[in-house]
Amino acid sequence: MLRYLAGRMILTIPVLVGAAILIFLLMQLVPGDAVSAVMAGGAKLSPEQQLEMREALGLNRPLVVQLGDYLWGLVQGDLGRSTRSDRTVISLVGAQISSTLILVAAGMAVALLIGVPLGVLAARRRNTLVDTAAMGTAVLGLSIPQFWLGLMLILLFAVNLGWFPALSSGGFRALVLPALALGLAEAAVLARLVRSSLIESLEQDYTTTARAKGASDRRITWRHGLPNALVPVVTMIGLQVGNLMGAAVVIEMLFARPGLGQLVVNSILRRDLPVLQGSILILAAIFVFINLAVDVIYKFLDPRVELGAA
Amino acid sequence: MRNLFGKRLSGLLGVFVVLTLLASACGGEDTTAADQAAAEAAAARAQAANAQTEADAAQAEAEAAQSEAEAAASALAEAQAELEAAQQMAAAAMEGDEAAQSALAEAEAAAQEAMQTAEAAQQEAEAAQEAAQEAEEAQEAAQMAQQEAQMQVDEMMGGGTIVFGGNQEPSQLDAFASTTVNDQAVVAQINETLVILGQGMQLHPGLATTWSLSPDAMSLRLTLREGVTFHNGDPFNAEVLKAHFDRMKGEVSGSQTALIAGYYKDTEVIDDYTVDLVFSKPAPDALIDLAAPGAGITNAAAVEAMGDDAGQNPIGTGPFMFEEWVEGSHISMVRNPDWTWGEFSFYGTTGPARAERLIFRFIPDEQTRTAALSTGEIHFLDLVPFQNIAPLEELDGVTVEGFSLPGLPQVNYISPVISPTSDIRVRQAILHAVNQEEIVDAVFFGRAPRAYGPLSSDFAEYDPIVETYYPYDPDRSAELLDEAGWTAGDDGIRTKDGETLRARIIENRSWNPWVTLLQDQLRKIGFDAEVITLEGGGYFQETGETIFELASMGDVFGSPATLRRDFHSSSIGPGNINVGHIDDPRLDELLDAASVETNLGVRAEILSDVQRYVMDQAYIVPIIELHFFTAFSNALSGFSVDGTGFYKYFGGASLSQ
């Protein structure tokens, strides 16, 4: 197990390095750099001042040098400084990360609390109207753009009903609408997965055995069927965390919620490369770590699984 | 069991009733107190209103007395002239004979009369002056009464937290280094400027109480306000002001600072509260430049002590002190209890600020911003999207106000550098083909007036003749294009010698919403028009490096000579406003002359020439005059708006509880 874990951790490094290189190259393709972003905001810089600023930020060096310098710093744990405010990337990201993680966790909670029961319902009543309705809702949830869904939630629950605030900063009530906007699409994915996984599990031999032994329907579903059905779901959760973190960017902007999402968007608008890279690398690292945890949990859930097997 | 239950129930009921009575009794008291306070506030307000009307009446009397005094003075002058003439006649007559003698007698009589008239006029003048004096005293008394009434209202209405919904988070809060309007909107509450530009382009005293620009506009004498302190306790005086301006000798990146650094040379300290700002070239608009929030006075010593953190911990002299900055969420400021030097004519109070706390909340999405106003989570919303104006107006408890932003209107530059727009006939064809009325209706819901020239109509120097140029006439456009040799093909697009009549319209995302309609209007007369969308930094980089036929732009400024930065050949390149890459020596000449001309009449003439020239050369397609709409809760009152319409000041704002 330990060897497996160590191996996976080492594999993380090329993933992160690859991400850093990719972001760097993409930023070079976008017109404008940190200095032109400052001028777009209204600063009047003479050509000499622009040159000075670019020199100070190291933007005049060849691309390979800039990239190499950044990667070298990365290896030493130095994520650099913001080109806009000169604060360390670590402090900027550190201030925002908990807010995003809370949002992602809440979104996942919503997805589980709505998706799993919906999937179970559809599986137990499969091929009935209930099943069709449940799956139809799931497809709807998948198709609705999250941004639009967020706006509709604000309109209904904040403006018209006044149950929750439109702006999300702190506290539980402010978390509800963003979590819903984030989690409902995931709930749909989970519902479909739980349904098919549970149906398959209910067709297994051990289910027939349990039924033969006189177990009730409910006992079969919850005690025998679901635990086995949830195994692929757990794997899915690991992957979906990545989706949720990406969607969190949009949701944070919509609800004016502080977090890495806002940091990412602002750093793109400001062409603040170190902050952008730092934020995305941290998000990537979290994603890799969660998937690693999921794989380990998988092993505990299903002892038959051999980690690291082809 | 039942009995016990019944007892318990009635016991509970009894407790419940008692509690309810208690609660309503307490609540009742609060209500009465609040009612009383509200009534007293209303009474104080009425008093203030009365005092105001009296002051107005006194003012009118003073003015009448003034004109009487003037009339009396001219009568006196006339009488004196007559006296002199009479005396001359008398002198000539002295050398003569009888005729002269009688002439002398006549002259004497005339002189007598003249003297009497003069005396009478003199007395009238004195009486008029006394009346004027009394009127002035009455006005002062009225103002004092108003201020006292206001203070009573302040006491009753004080407190509360005002939440302002902004769109983007500032980058940093050091006024001197501020670059964006987001920075400056916050800085305006924390740092004060030497003078304040009010609505109607009127200057109010700020940290300077009197100012005097030398006739050659090379130096500015300022008398500084006494008794002013910074939020950290440091006093404000001439030395501190000099230290602030000395910061220009180092790094200059702030947008307003860079503007002033273009002509600032040095600060001469005359005494503790008198300075002379010395310029390297004539700066007739120095006062207007100094009124912008980006010219807010900072505490240079404190800034240096804080080093890199200065941008996150601003220190100023203003009505609000920085409290905390929660990244991605909001910036909060608290009332500065020492702020007692507010300029009453601008803020409506001498201070301290009525609100206890002011929060700037950043909300990137405009629909969410509007929703937050409806739910009451914010009290003030700037930059209402045009399609939301009507729905917000219908909302109870919300007021919508429009402000016009003077400057270069929203336009598309027509670049004379590249083909096909290098041909003036093509440029003129474009101007005749654009239907601004359609744009105003469809894109701006009729809420912003169309523009006609390079200067918005807010300025006194606006030359209305530009309204006669280029009426909407697509047939004339077709004629001009035919004349220029561009013939339409089967698909309607015009070509000439194998070249397509191309028009690339480039827009800065969300700032130029009319471009698709413009594209449509140009297609109709045979242009192969396309829209390219970039945002922010990318837009400024691209338009500076590449020349587009129709680049969108606008500019906001308080003084019309600033138009120079929109059309001068030195203003070409990334980050600069001349995105049409116009390099016209005649235009450069006119703009240079206007920026150093100190005689306002002459300057107006030069600017008139500029406006005509730009339109004669068809360098721009004027679209609309920039208007911003703000929406605010009816509970919020008393905020001030500066002369550019851009900045809102909350020193005098209050929230009714």
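I start with chain B, where strands E14, E15 and E16 make an open three-stranded sheet in that order, with antiparallel pairing. Strand E14 (487-488) and strand E16 (499-500) of chain B are at the edges with a single partner strand each, so one side of each has no neighbour in the sheet. Strands here are DSSP runs of E, at least two residues, and helices are runs of H or I, at least four residues, both numbered from the N terminus. Two strands pair if DSSP finds at least two bridges between them. Strand E15 (residues 494-496) of chain B is joined to E16(B) by two bridges, and these strands run antiparallel. Across that pairing, Thr495(B) stands opposite Thr500(B) in E16(B).

Before going on, the conventions. This is a predicted model, in which local features need pLDDT of at least 70, side-chain atom pairs count only at pLDDT 80 or more, and totals for chains, interfaces and linings use all residues. Residues are numbered from 1 along each chain as its sequence is written, chains are lettered from A and ligands numbered from 1 in the order in which they are written, and side-chain values use heavy atoms, with hydrogens and water left out.

Now the confidence. The model scores ipTM 0.80 and pTM 0.73. pLDDT is the predictor's confidence in each residue, from 0 to 100. Chain B has a mean pLDDT of 85, with 86% of its residues at 70 or more. Where in chain B is confidence lowest, and where highest? Helix H1 (residues 2-94) of chain B is lowest, with a mean of 59, and strand E20 (residues 620-624) of chain B is highest, at 96. For residues 1-6 of chain B the pLDDT is below 50, and this stretch has zero contacts in the model beyond near neighbours in sequence. Contact means heavy atoms within 4.5 Å. Where pLDDT is low, the predicted coordinates should not be read in detail.

Back to sheets. Four strands of chain B form an open sheet in the order E4-E5-E7-E6, with antiparallel pairing. Its edge strands are strand E4 (208-213) and strand E6 (264-271) of chain B, each pairing on one side only. From one strand to the next the twist averages 20°. E4(B) and strand E5 (residues 219-224) of chain B run antiparallel and are joined by five bridges. Thr210(B) stands opposite Thr223(B) in E5(B). Helix H4 (residues 238-246) of chain B lies across E5, E6 and strand E7 (274-279) of chain B, and runs at about 170° to E6(B). Axes are lines fitted to C-alpha atoms, for helices over the stretch in contact, and angles run from 0 to 180 degrees between N-to-C directions.

Next, the backbone of chain B. Most residues other than glycine have a negative phi, and most peptide bonds are trans. The bond joining Gly351(B) and Pro352(B) is cis, with omega about -10°. Pro352(B) sits in the loop between helix H8 (344-347) and strand E10 (357-362) of chain B. A cis peptide bond also runs from Ser419(B) to Pro420(B), with omega near 0°. Pro420(B) is in the loop between strand E13 (407-414) and helix H11 (424-433) of chain B. Phe445(B) is not a glycine, yet it has a positive phi of about 50°. Phe445(B) is placed in the loop between helix H12 (436-444) and helix H13 (474-483) of chain B.

Now chain A. What does its secondary structure come to? Chain A has twelve helices and zero strands. Its C-alpha trace spans about 85 × 55 × 30 Å along the principal axes. The domain assignment, automatic or from a database, gives domain 1 (2-75) and domain 2 (98-258) of chain A. The centres of these domains, taken over C-alpha atoms, are 37 Å apart. Chain A averages a pLDDT of 85, and 96% of the residues score at least 70.

Last, one helix pair. Helix H5 (residues 89-124) and helix H11 (residues 260-269) of chain A pack at about 130°, with their axes 7 Å apart. H5(A) and H11(A) are therefore oblique to each other; angles under 35 degrees count as roughly parallel, over 145 as roughly antiparallel, 65 to 115 as roughly perpendicular and the rest as oblique. In H5(A), Leu92(A), Val93(A), Gln96(A), Ile97(A) and Thr100(A) meet Leu260(A), Gly261(A) and Leu263(A) in H11(A). The residues of this contact are five nonpolar, three polar and no charged, where Ala, Val, Leu, Ile, Met, Phe, Trp, Tyr, Cys and Pro count as nonpolar, Asp, Glu, Lys and Arg as charged, and the others, Gly among them, as polar.
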